[in-house]
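Work through the exercises below with the sequence and the structure open. Try each task before reading its solution.

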Amino acid sequence: MTVTTVSLTLAAASGASAGTVFGFQDAYDPINWTFANNNADGFVDTSGAPASISLTGGDNGSNSSGTTNYTTTAAAAGTVTFNWNYSTADVSAFWDTFGYLLNGSFTQVTNNGGGVVQNGTSTFNVLAGDSFGFRIFTVDNCCGRGSVTISNFSAPAPVPEPSTVLSLLVLGGLGAGLKYLKRN
């Protein structure tokens with residue numbers, strides 16, 4: 001019985017060392033993200049968190065390009081996945097593109113030749129400490145904003161501290177020892 005208890009404790013400890021955060025919560029709570037405009041007057045709406053966030057790009061009338069970014073740091077290595085629902089009030093998606101950022105590199109997910117309403121699912125891998133997030137790029141800062149709602153977000157969970165795993169092992173060992181003493 002003692003071997004079984006210790007084995008179960010080890011299994012629980014190893015299972016606790018990796019995981020996924022679903023939604024904008026825990027390590028990916030909106031408080032842990034950074035919002036930034038560069039020659040843009042976009043904004044972020046986090047009132048739907050943890051289920052979703054909405055990002056709206058710039059339209060400041062400057063007739064020059066700008067970016068609206070919402071970024072965070074990967075808490076662990078793994079896969080980031082999200083659904084996106086995009087629309088623009090501009091004449092086409094070409095003028096206000098949406099995509100994700102990974103360590104400063106932009107990957108566009110909207111289709112320039114697609115409609116003013118688009119949606120999809122995106123997936124990419126991160127390493128612990130990577131900077132990642134979302135961007136709306138406006139080519140002209142005029143004639144209507146691009147906007148996106150991001151939902152079904154998931155990202156890698158942080159690994160528990162070694163002291164947490166050790167605590168689980170100690171508790172499992174104590175439980176096994178108490179069971180042994182009670183039986184004898």
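**Exercise 1.** Determine whether Asn 141 is buried or exposed.

Solution. Asn 141 has a relative accessible area of 0%. Buried means under 20% relative accessible area, exposed over 50%, and partly exposed in between (1.4 Å probe, protein chains only). Asn 141 is therefore buried. Its phi is positive, about 50 degrees, although Asn 141 is not a glycine.

The model is predicted: local features need pLDDT of at least 70, side-chain atom pairs count only at pLDDT 80 or more, and totals for chains, interfaces and linings use all residues. Residues are numbered from 1 along each chain as its sequence is written, and side-chain values use heavy atoms, with hydrogens and water left out.

**Exercise 2.** Locate Asn 141 and Cys 143, then classify the accessibility of Cys 143.

Solution. Asn 141 lies in the loop between β10 and β11 (146–156); strands (E, at least two residues) and helices (H or I, at least four) are DSSP runs, numbered from the N terminus. Cys 143 is found in the loop between β10 and β11. Cys 143 has a relative accessibility of 51%, so it counts as exposed. Its phi is near 75 degrees, a positive value in a residue other than glycine.

**Exercise 3.** Find the strands that pair with β5 and the sense of each pairing.

Solution. Two strands pair if DSSP finds at least two bridges between them. Strand β2 (residues 34–38) pairs with β5 in the antiparallel sense over five bridges; here Ala 36 has Asn 69 as its bridge partner. Strand β10 (residues 131–138) and β5 are also antiparallel, over eight bridges, and Thr 67 stands opposite Phe 137. In β5 (residues 66–73), seven of the eight residues are buried.
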